[in-house]
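Please walk through the model below from the whole chain down to single residues.

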Amino acid sequence: MIRTARAAVLVGPKTIEPREFPLPAIGPDDALLEIEACGICGTDYEQYQGEVPPHEYYTPFPVVPGHEPLGVIAEIGARARARWGVTVGDRVAVRSGYGCGKCAACARFEPLACGTRGGTYGFTDVRKPPSLWGGYAEYMYLSPLSVVRKMDRSLAAEVAVMFNPLAAGISWAGTVPGTKPGDRLVILGPGQRGLSAVIAAREAGATRIIVTGLARDAHKLALARELGAHLTIDAEKEDVVAAVREATGGGADVVVDTTPFAPQSVSQAVAMARSRGRIVLAGLKGRRPTPELYADDVIYKQLTIHGVLSMPYDDFERAVQLIESRKYPLERLHTHSFPVEQAELAIQTLAGAVPGANPVHIAIVPGAPPVMVPVTPSPLPLTLPSPPRGGED
């Protein structure tokens with residue numbers, strides 16, 4: 001009897017189809033993961049819209065999306081079991097990239113830096129056997145070159161799967177800018193990664209944490225305060241640059257920009273940073289130019305600007321440990337679980353196309369009951385609207 005797995009396949013821009021694929025035979029070096037949950041982030045939306053450019057290890061379609069998978073080992077080969085230190089029944093968090101397995105980068109568990117990168121989960125062509133290369137499915141194939149980390153099974157899956165946004169926050173608000181005790185830190189955007197950055201800033205010892213958002217983000221800004229932000233600013237009611245400069249006594253040591261499709265936030269970050277401040281740019285702007293960005297300000301202030309994509313293994317490890325510590329009420333961040341069959345609705349909800357949904361963290365959870373919405377989702381725009389002075393990820 002042929003065993004199959006249901007999956008959502010992105011066959012082209014804004015087109016997801018349900019399909020079934022046979023489960024692969026597992027050899028000594030690979031494994032089969034039964035998906036418990038797969039987190040959704042802004043990159044999923046950009047992929048759905050067709051805005052992620054193709055390259056050698058990033059196929060936008062046809063793919064099974066989902067690059068933040070969490071699951072239980074269903075089958076595993078002997079060599080893979082020894083290499084990863086896990087066995088059948090263990091829960092694992094899976095890094096999105098898989099490499100060559102032979103170079104120095106792979107030895108450091110950093111497939112993003114691998115010169116012969118194998119590919120990326122959620123972005124691998126379904127025509128490449130065995131097809132199940134993404135987390136929007138009941139099962140996912142684990143390549144021998146995967147990076148996995150065992151996790152506590154007693155945690156709710158919707159909480160455990162937050163390893164990716166939390167690792168991003170730890171990296172972007174802590175490791176990359178070198179945040180230290182006493183720093184004054186501003187986070188532009190109160191989405192899941194912005195809120196994770198609040199946690200990271202607290203862990204790094206920042207003495208002043210400020211988060212900006214919009215009127216529609218009121219519940220997220222309240223959550224930011226609950227997680228440890230000292231001040232939140234409604235960017236539709238206040239001049240964020242002036243408010244930040246006043247609250248920090250002249251400027252922020254660190255500014256983390258997580259706002260998507262809001263190019264004006266870059267010039268705001270430059271304006272609100274103090275002399276020799278550090279700016280981390282994490283929110284993609286949809287290739288829109290940044291208005292009123294004056295290079296002279298960067299030069300005279302001697303600013304350091306970091307562009308970030310993903311995070312190193314050490315921050316991934318720290319995120320898992322922090323989740324397992326249960327130190328923070330991460331369950332407050334999770335707002336929606338969708339079954340595989342409602343993957344498109346999940347992306348629409350993340351994009352703000354479902355009135356009244358107010359999402360923070362969303363996950364695909366196979367077997368979850370269908371989500372009932374009171375109204376028909378609004379048509380998705382070509383791109384998300386640019387928030388006027390701040391926003392959410």
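Two residues are in contact when they have heavy atoms within 4.5 Å of each other. The model is predicted, so local features are taken only at pLDDT of at least 70 and side-chain atom pairs only at pLDDT 80 or more, while totals for chains, interfaces and linings use all residues. Residues are numbered from 1 along each chain as its sequence is written, and side-chain values use heavy atoms, with hydrogens and water left out.

The chain as a whole comes first. Along its principal axes the C-alpha trace spans about 70 × 50 × 40 Å.

Of the contacts between residues at least 6 apart in sequence, 74% join residues at least 24 apart. The accessible surface is about 15,600 Å², and carbon and sulfur atoms hold 54% of that surface. Such areas come from the Shrake-Rupley method with a 1.4 Å probe, and for residues only the protein chains shown count as cover. Of the 393 residues, 58% count as buried, where buried means under 20% relative accessible area, exposed means over 50%, and partly exposed lies in between (1.4 Å probe, protein chains only).

In helix 5 (residues 163–175), 12 of the 13 residues are buried, among them Phe163, Leu166, Ile170 and Trp172. The buried set of helix 5 also includes Asn164 and Ser171. Helix 12 (residues 343–350) is likewise mostly covered, with seven of its eight residues buried. Those seven are Ala343, Leu345, Ala346, Ile347, Gln348, Thr349 and Leu350. After helix 12 comes Gly352, with a positive phi near 85°.

Gln302, with phi of about 55°, sits in the loop between helix 10 (295–301) and strand 15 (304–307). At 44% relative accessibility, Gln302 is partly exposed. Arg326 has a phi near 60° and lies in the loop between helix 11 (313–325) and strand 16 (334–338). Its relative accessible area is 43%, so Arg326 is partly exposed too.

The loop between strand 7 (119–120) and strand 8 (139–142) holds Pro130. A cis peptide bond joins Pro129 and Pro130, with omega of about 5°. Asp125 is found in the loop between strand 7 and strand 8 as well. Is Asp125 buried or exposed? At 15% relative accessibility, Asp125 counts as buried. Leaving aside neighbours within four places in sequence, Asp125 is in contact with Thr59, Pro62, Val63 and Trp133. The C-alpha atoms of Asp125 and Ala242, 117 residues apart along the chain, are separated by 48 Å. Tyr48 belongs to helix 1 (residues 42–49) and, at 4% relative accessibility, is buried.

Empty space is the last topic. Rolling a probe the size of a water molecule over the atoms shows where such space is left. On a 1 Å grid over the protein atoms alone, a cavity is a set of points where a 1.4 Å probe fits but cannot get out, and a pocket is an open set with protein on both sides within 12 Å along at least five of seven lines; lining residues have an atom within 4 Å of a point. Grid points are joined across faces, edges and corners, and a volume is the space filled by probe spheres set on the points.

The second largest pocket holds about 280 Å³ of space. Its lining has 13 residues, with Arg83, Trp84, Cys106, Phe109 and Ser146 nearest its centre. Helix 2 (78–84) and helix 3 (104–107) are the elements that give two or more residues to this lining. By class, the lining has 10 nonpolar, two polar and one charged residues. Here Ala, Val, Leu, Ile, Met, Phe, Trp, Tyr, Cys and Pro count as nonpolar, Asp, Glu, Lys and Arg as charged, and the others, Gly among them, as polar. There is one cavity of 30 Å³ or more, lined by Arg95, Ser96, Gly97, Pro111, Leu112 and Ser310.

Note on methods. Helices (H or I, at least four residues) and strands (E, at least two) are DSSP runs, numbered from the N terminus.
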